[in-house]
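Q: I have a structure to go through and would like to discuss it piece by piece. Could we start with the helices and then turn to the annotated positions?

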Amino acid sequence: MSDSSARVLLTNDDGVDAPGLAALYEELRAVADVTVVAPAENQSGVGRARSRAVDADDHEWGHAVHGTPADCVAYALRALDAEFDLVVSGCNHGPNCGEYIMGHSGTVGAAVEAAYLGTPAVAVSAYHREEFFPPEGFTFDVPADVTRLLVEHVLAGGVDLAEADLLSVNAPVDDTGGDLRLTEPVADYGVDVREATAEERERHDGDWRLESDFWARFEYAGRNPSLADVGNSYPAWSDRAAVVDGDVSVSPLRVPQTPVHSEGIDDLVAAVNRAWLAEHEDRAAADDD
């Protein structure tokens, strides 16, 4: 147990009983006072979805919330009688890299919720270099070690919210000897929509299956390619390239959404304003008649 006065809120999307959360809890206790507030059940892939109401049960490490990862963060930051210096979300079973996947990651969603509520956050996901999702028999030792070092240095120096609101980290479960690499999420989008098989209809509701393509730009048999499929095709600055190389990807991110300004959008708004004014004038003329 750490004698540090720093307080860390630990959450995830795999559920309060997930081994990845337990691994982070044990490691982070060496550098901070850790409180767990995590979903009572698996909430993978829910993004930053929020509920209107939730129940919370006591847990030996904190609380188990019957809701989403974002619910857990909102509950912890606003309902608990505690001030947290940092939120850590993870460790997720599987990587969260590429803008598309990150957009509906509950692990990243919890960190984004924390950032919106004014507390810096670190989202941590674990990958296996050759099998993408960590296979049976793996441990979270490497991601947990990396996270402890990151958190220790963040707490020592503080995180300037003007520079980064959250860090999205992807770490290998196998000790590749790789480095930490500053990266950016690559824009790699894809979803496979197809009719469900009879077996899938029995196991899941709905006649149509919507499955994310984790490496969308490639054509391959199955959803997860091998290293031979992806090779060195991603730009070196991207989170995907770091994963291919077996490194730890660290992507500093800001919230909220970035506003865009352009002449084309200015022209669009002006044109709609003219049309809107014309419709009002036509209605007024019709009323006068």
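Predicted model: local features only at pLDDT ≥ 70, side-chain atom pairs only at ≥ 80, totals over all residues.

Q: First, how are H2 and H4 oriented to each other, roughly parallel or roughly antiparallel?

A: H2 and H4 are roughly parallel to each other, a label for angles under 35 degrees, with over 145 counting as roughly antiparallel, 65 to 115 as roughly perpendicular and the rest as oblique. Helix H2 (residues 69-79) packs against helix H4 (residues 106-116) at an angle of about 30°, and their axes are 8 Å apart. Axes are lines fitted to C-alpha atoms, for helices over the stretch in contact, and angles run from 0 to 180 degrees between N-to-C directions. Helices (H or I, at least four residues) and strands (E, at least two) are DSSP runs, numbered from the N terminus.

Q: Which residues make the contact between H2 and H4?

A: H2 contributes Pro-69, Ala-70, Val-73, Ala-74 and Leu-77, and H4 contributes Gly-106, Ala-110, Glu-113 and Ala-114; contact means heavy atoms within 4.5 Å.

Q: How many residues of H4 are buried?

A: Ten of the eleven residues of H4 are buried, where buried means under 20% relative accessible area, exposed over 50% and partly exposed in between (1.4 Å probe, protein chains only). They pack against elements including E1, H2 and strand E5 (86-93).

Q: New topic: where does UniProt place the "binding site" feature?

A: The unreviewed UniProt entry places it at Asp-13, Asp-14, Ser-44 and Asn-92. These positions span 80 residues in sequence, yet no two of their C-alpha atoms are more than 8.9 Å apart, so they gather at one spot. UniProt positions are given in the numbering used here, feature names are shortened, and annotations may be inferred rather than shown by experiment.

Q: What joins the side chains of Asp-14 and Ser-44?

A: A polar contact of 3.0 Å joins them, meaning a pair of N or O atoms within 3.5 Å; within protein, one must be able to donate a hydrogen and the other to accept it, and residues adjacent in sequence count only if both atoms are side-chain atoms.

Q: And is Asp-14 buried or exposed?

A: Asp-14 is buried, with a relative accessible area of 17%, whereas Ser-44 is partly exposed at 40%.

How values were computed
Residues numbered from 1 in each chain as written. Heavy atoms only, no water.
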